[in-house]
Amino acid sequence: MPRRQFIADLEKAREDSLPPGIINLQQGEDDGQFEFEFIGAPGGLFEPVKVTAMIPDVSEYPQSHQYMIFCGVDAPRQVGAALQNVPGTNRKTVFELIDIISANLIRLSPDSDGDLQMQDSQSYDEEQAEDDDEDDVYDSDHEAFDLDTQQHTTPYAQFTPGAKLKPADRAFRSRIRSDLLGAKSAGFRIGHLGGLMDGYNAFVTVSIRMSKLGISEEAMQAWQVTPTDYLILIIQYPNGYKSNEELQGFDSLRVASNVGFSVCASKRYKPTLEEAIKTSAMARKREQRVSILTSDIPGPEGFVDEDALRETFISVPLNSLLQERLVPIIRYRSAGMDWRGAEEWYSDVVSKGAGPADSIPDHFFEPELLRDNLPDIVNADQYTAKGVVQYSFPLLAMQFLLRHFVRCTDYCLVCHRQLKTDLEAIKPYVCDQSLCLYQYMTLGFGPSIEHEILAQPYVVDLLVSFCYSSASGKRLKEFPDGLALMVPPVNPSQDSFVDPYAARHHGRTVAVPEKKEVNKQSESDLPVHEVGFDRDRLEILFMAKTVASPVRRGDWIVLKTKGTLEGSELHCRVREATYFPSIKVDEPVLVRQSTTVQQTTPQPANQTLPPGEFRKITPATTPKWVDASFQVYEQDFEQLDRNAKCIAICKLLDTLPNVKLMQDFLAKNRPADLKNWVERISPAALSLLRWIIASNRACIMQVDGDSSSSQPQERLYGMKGYMQFRFAMGAPDKEQRFITEVRNTTERLKLKHPTIFAFHGSPLQNWHTIIREGLHFKNTDHGRAYGHGVYHAKDAQVSTGYSGMGQYGPGYPTMQGAWPHSVLKIGTAMALNELINAPAEYVSNSPYYVVQHLDWIQTRYLFVQCSPDDEKLKADKEKMPTNSHSQDPSRTPTGISAAIVIPASAVTSSKATKTTSVGRTLGESPMKRLKGLGGFNDPIDVDGDDDADSVATDVEDLDILFEDDPDPEPMPERADSHADKDSQKAAKGAETDFVPGKLDFGKLPLMPVPTYAISGTTKRLMKELQSLQKVQNATPLADLGWYIDAEKIENVYQWIVELHSFHMIDKKLPLVADMKKKDIKSVVLEIRFNKDFPYTPPYVRVIRPRTLPFTQGGGGHIVMGGAMCMELLTNTGWSSVSSMESVLMQIRLAIASDPPAKLDPSARGDYGTAEAAEGYLRACATHGWAVPPGFKEMALGSASGGRL
Ligand SMILES: [Zn+2]
């Protein structure tokens, strides 16, 4: 009998289609022997290799037999080596064995370079790796994993039944699977790279679309992410997968060597292995404070590969947060604390060395209030989910990350404590501890200022100009303290600045009376060195006898000379101090003092040469040595009083190059880092610039300008002559509160136009504070004649009165109190604010809107009047927006040149309120969010919010997620708790009248039962079925919309699927009413798979109910005869990596898509198989789609194949 079985199996295998790369299977010369040829992967270039397999004792077949496998002596060496090491062949049937060999040999196929890769050519050598250079580690890692990647990307390899696993390994694998499934069922996409079980370097990736995180559009722009980007957490396991319990058991050193984190963004949900390795290596280096070259900052031309994995704007602080704290914080969570309590306790332990865990004060255990305005997925917490006993580390890590990514403005970016301030921010910042500020500015945490200068130079110009105006008017309230700034000496008696407002405007005196500051200096008393200076040779000679040089290379000095440059300061860097008493300096930066503005010899301020050019020496006109004196930049900024600090800030900004020069420098130099422009920007000036840019927490976007990131389509109409900035102040929280107010008031007052717009003007000196602290009315400049609140005007002309004079206007070519190097030369600034349309509830509404609720105000635009030298920047062209926001006609504000017309895209609140019914209602299940979408032909939400692909699982990851254990084993503990959670979830899910399990399969007119069964295909289909079952078990019925009764499926090539709950897509679908009328609960589909699935698409037809054909007003991609007519389901549109989960979702959407399906009111009975096949072929012909090979045979059975 065994021998007969063997021969029968061999015959059957010969008849079936063979696995990839295998041809000419035949019986061998000896009993129990067979031969075949291997020709490589499809498209491969292998010479055919003859392989022989032999069962020494065929009488043991198929229970306990073994195989000997070999090839001829002339076969490639690596094939022979691979065949010796094929694992897990014992007790396999003939076909299974060929399948295994195919999978193993396919890996040896030449890659695109024609190189052969050998299965065991590289192995990771830990010791060697440690000795090696970082880069070498990376390389050897890379090679070591190449095979693994291939294993998971070739569709064949995943079916390789592994060697018989030991029970411990089985448990380990099931643990990994359960951890990953936990994360998947929580709504994330899961990927893995490298072998998690091998104990080598491996990665788990958890990702989610940004659009699902409830981040406002404004914040997304500021954070440089788009709704379609994925937020990706890459967890690196250098020594193989580690469970949560294992990690909890490690001390901090072992944690660091066993798990690593990198937070990234990408258009793809999963990085390549190479990207993952590179990113993790970079994160590790940063963690060790190894300096990273900033060569990856994009040039002004833009990004090279927009799809590539990239760091997010706060990846650096988040990586270190996860690395240092996640494991201990989870440990505290297991003691019963919420995230908040555990985070705070960790901070206490670290900073104060708090006592043992059993004496944790009660307040750490108080439950944290959830943020209602955030999507469930951001608030979700596996630790508080009922009944979970085994926690998934990847899921907890991702939930922790979401908390800190989405709510990044709630936390200090350095110490990660929750900020106690009410200040509204769109960009994350640090707390008020000076150490945090110092690390933020000096260690490069927070946004990179270089990126900002390259992308938005005029925003930077605006910020510096505002700061300068504020400092020169002595209006600065916050200073860059804690940065260890060493500034040039300050002498208020000489460096006098005139407050233009006090002098010429409202006739007021400078508002802020100085409080006596203890131990603060108003005047520097730094030593003055008398020297001789040769301007041409850039040499300084000490005249008086001095013991040692007072300066060192790299110091900055302020030089004052007699003669032609009298009255000006030369700021320069010491280039060489070795030959004291002679020292050399770099080309000085010329700064004219304010008292010498009237100087007759016109000289461009801050004259400097482009780097790399030599100054022409004109010895005839310049005396060789002039008397000079200098002081060193050694004044401690913090020792100065407020007045002197303001002067020091202006002095430093006087030395800065303008933004275009900085942009040029960054564009031409790699790494693009201003730190390297040593001879032009002093460390103090750079720190100050960093402070100005980084401390701006408002999000300002360029509308005008020549830069690639200007957004002319966002330009508002009616403000001719003003340069515009979109002033996106809305931090997620603040924006959300505004939108909540908009919704509430709209509903309460039944408003047609929920918001109105009005102007708010303020002098230039105030904007530095306004954009940092928001609009408030604590210190009102203009009196409170109409009550307490923020004053708004309906007419821009009124607000210009509050904005100060045109400072660069005629007669004031170089306005005092304005940044001399501004490219924009800003004269006035005013904002256009969006207000809740309830003027009757304002403090006053005539003649001004005086708004007392700060949540009712959202700034949208900033208008500045500029006098740029560059004609391109003059904003005198006006263009009507193509798609304008509809305003309340009775409250349209009047601009300078016309009534204001606002581009619709700039008004976020209206968009947000309109889309509430579509994508923004965040349900428990990701599937729910497909509600209201157009269907297969138009499945993507306008916001790029979602599509089937963003929730379905890729086939390559199905392997680890859903692969069944080789031997049945008891379900892990988690299963029960999972079930609890599921039933809870299901209870929470939307209602449906569909009742599963009611369908009688016996009464369905089905296609002939398939006679083929191909091992690889069968396994793939089994896997798909199991995957669907798990999804089905984890998702509320109505959200899912399909039902498959796997137990009733007798042949995996023939599925019966019911689609239901179409009201979840759209209540108004005709199908919903039609089905209700006829008391039909589901649309029954037959899905048939060909033997070469997944390389050909499945055939899908409706069995019942009958629908109207397209010609009679029907639709839904159902053709006459009931077949589904979608390109996806033809050879033209099919992709072998489509998972059936995604296919089912798309079919359901197709049925609901326009024109939607309607039931045939008169028809009775089910669709027949022949009419369906006919309809399908007709549809393919009409659309020019390729009919999958073997279709007729499949659809009608071989007997009737000729009939069509
Ligand atoms: Zn802090």
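Does Glu245 count as buried, partly exposed or exposed, and what is its relative accessibility? Select Glu245: at 41% relative accessibility, Glu245 counts as partly exposed. Keep in mind that this is a predicted model.

**Stop 1**

Glu245 sits in helix H8 (residues 244–248) and Arg175 in helix H6 (residues 167–185), so the pair ties together parts 70 residues apart in sequence. Arg175 counts as buried, at 10% relative accessibility.

**Stop 2: a strand and a helix**

Now select Glu569 and Lys651. They form a salt bridge, with the closest N and O atoms 2.7 Å apart. This pair links distant parts of the chain: Glu569 is in strand E14 (residues 568–576), Lys651 is in helix H19 (residues 642–655), and 82 residues separate them. Glu569 counts as buried at 2% relative accessibility. Lys651 also counts as buried, at 8%.

**Stop 3**

Go to Arg891 and Asp888. Their side chains meet in a salt bridge of 3.7 Å, N to O. Arg891 is partly exposed at 31% relative accessibility, whereas Asp888 is buried, with a relative accessible area of 12%. Next, select Glu343, Glu368, Arg403, Arg407 and Asp410: salt bridges that share partners join them into one network. The whole structure holds 33 salt bridges.

**Stop 4: a buried charge without a salt bridge**

Select Asp461, in helix H17 (residues 457–472). Asp461 is buried yet has no salt bridge. How far away is the nearest side chain of opposite charge? That side chain is Lys825, 8.2 Å away. Look instead at Val823: its backbone nitrogen lies 2.6 Å from a polar atom of the Asp461 side chain. Beyond its neighbours within four places in sequence, Asp461 is in contact with Val659, Trp819, Ser822, Val823 and Leu824.

**Stop 5: the nonpolar cores**

Select Phe405 and Leu674. Among the 159 residues of the largest nonpolar core, these two touch the most other members. Leaving aside neighbours within four places in sequence, the contacts of Phe405 include Met210, Trp223 and Phe313. A second, separate core has 89 residues, including Val86, Leu1129, Leu1144 and Ala1150.

**Stop 6: an enclosed helix**

Finish with helix H31 (residues 1140–1152). Its 13 residues reach 18 Å from first C-alpha to last, close to the 18 Å expected. In H31, 13 of the 13 residues are buried, so the helix is largely enclosed by the rest of the structure.

Terms used: Residues are numbered from 1 along each chain as its sequence is written. This is a predicted model: local features need pLDDT of at least 70, side-chain atom pairs count only at pLDDT 80 or more; totals for chains, interfaces and linings use all residues. Side-chain values use heavy atoms; hydrogens and water are left out. Helices (H or I, at least four residues) and strands (E, at least two) are DSSP runs, numbered from the N terminus. Buried means under 20% relative accessible area, exposed over 50%, partly exposed in between (1.4 Å probe, protein chains only). Lys and Arg count as positive and Asp and Glu as negative; His and the chain ends are not counted. A salt bridge is a side-chain nitrogen of Lys or Arg within 4 Å of a carboxyl oxygen of Asp or Glu. A polar contact is a pair of N or O atoms within 3.5 Å; within protein, one must be able to donate a hydrogen and the other to accept it, and residues adjacent in sequence count only if both atoms are side-chain atoms. Contact means heavy atoms within 4.5 Å. The expected span of a helix is 1.5 Å times one less than its number of residues. A nonpolar core is a set of buried Ala, Val, Leu, Ile, Met, Phe, Trp, Tyr and Cys residues joined through side-chain atoms within 4.5 Å.
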